[in-house]
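Morning, everyone. I have one structure to walk through today. Please bring it up on your screens.

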Amino acid sequence: CTALMFAVQKSQANADSIPNRLPLHLACDFCTANISAVQLLFDVYPEGICTNDGVGRSPLDYARHNYDPFQPGPRPNNAKVVKFLETQLAYVNQARD
């Protein structure tokens, strides 16, 4: 999965620039929101969905930032990624209660 490799490489390269930034953050930020990569990264480390990076942003924050239905251009996966993260976050929060 090219998007997954990109996210891991960027995470390693940017490890010092923004603390606590996980591959899941990067997949939601830089990879045009590849749903397969996001699902795989979530499956590997589900706690990452609740992790804020050094600037206080979660993976969902990045996905929402990159998804603007009013912006021109094809972004069909972005809506899927936002929905996936929202659903998984609801399950994680429910399990915590």
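Let me start with Ala27, which sits in helix H2. This is a predicted model, by the way. Is Ala27 buried or exposed? Its relative accessibility is 0%. The cut-off for buried is under 20%, so Ala27 counts as buried. Now look across to Tyr62. Ala27 and Tyr62 are 35 residues apart in sequence. In space, their C-alpha atoms are 8.9 Å apart.

Stay on the helix. His25 also belongs to H2. His25 has 0% relative accessibility, so this residue is buried too. What does His25 touch, once residues up to four places away in sequence are set aside? The list is Asn20, Gly48, Thr51, Asn52, Asp53, Arg57, Ser58, Pro59 and Tyr62. Take Arg57 from that list. Its backbone oxygen lies 3.2 Å from a polar atom of the His25 side chain.

Next, the core. The largest nonpolar core has 16 residues. Cys28, Val38, Val81 and Leu85 have the most contacts inside it. Which helices supply at least two residues each? H2 (23–30), H3 (35–44), H4 (59–66) and H5 (76–96) do. H5 gives the largest share, with 5 residues.

Last stop, Leu85. Leave out its neighbours within four places in sequence. Leu85 then contacts Cys28, Val38, Ile49, Pro59, Leu60 and Ala63. Two of those names, Cys28 and Val38, are also among the core residues with the most contacts.

Technical notes:
Residues are numbered from 1 along each chain as its sequence is written. This is a predicted model: local features need pLDDT of at least 70, side-chain atom pairs count only at pLDDT 80 or more; totals for chains, interfaces and linings use all residues. Side-chain values use heavy atoms; hydrogens and water are left out. A nonpolar core is a set of buried Ala, Val, Leu, Ile, Met, Phe, Trp, Tyr and Cys residues joined through side-chain atoms within 4.5 Å. Buried means under 20% relative accessible area, exposed over 50%, partly exposed in between (1.4 Å probe, protein chains only). Helices (H or I, at least four residues) and strands (E, at least two) are DSSP runs, numbered from the N terminus. Contact means heavy atoms within 4.5 Å. A polar contact is a pair of N or O atoms within 3.5 Å; within protein, one must be able to donate a hydrogen and the other to accept it, and residues adjacent in sequence count only if both atoms are side-chain atoms.
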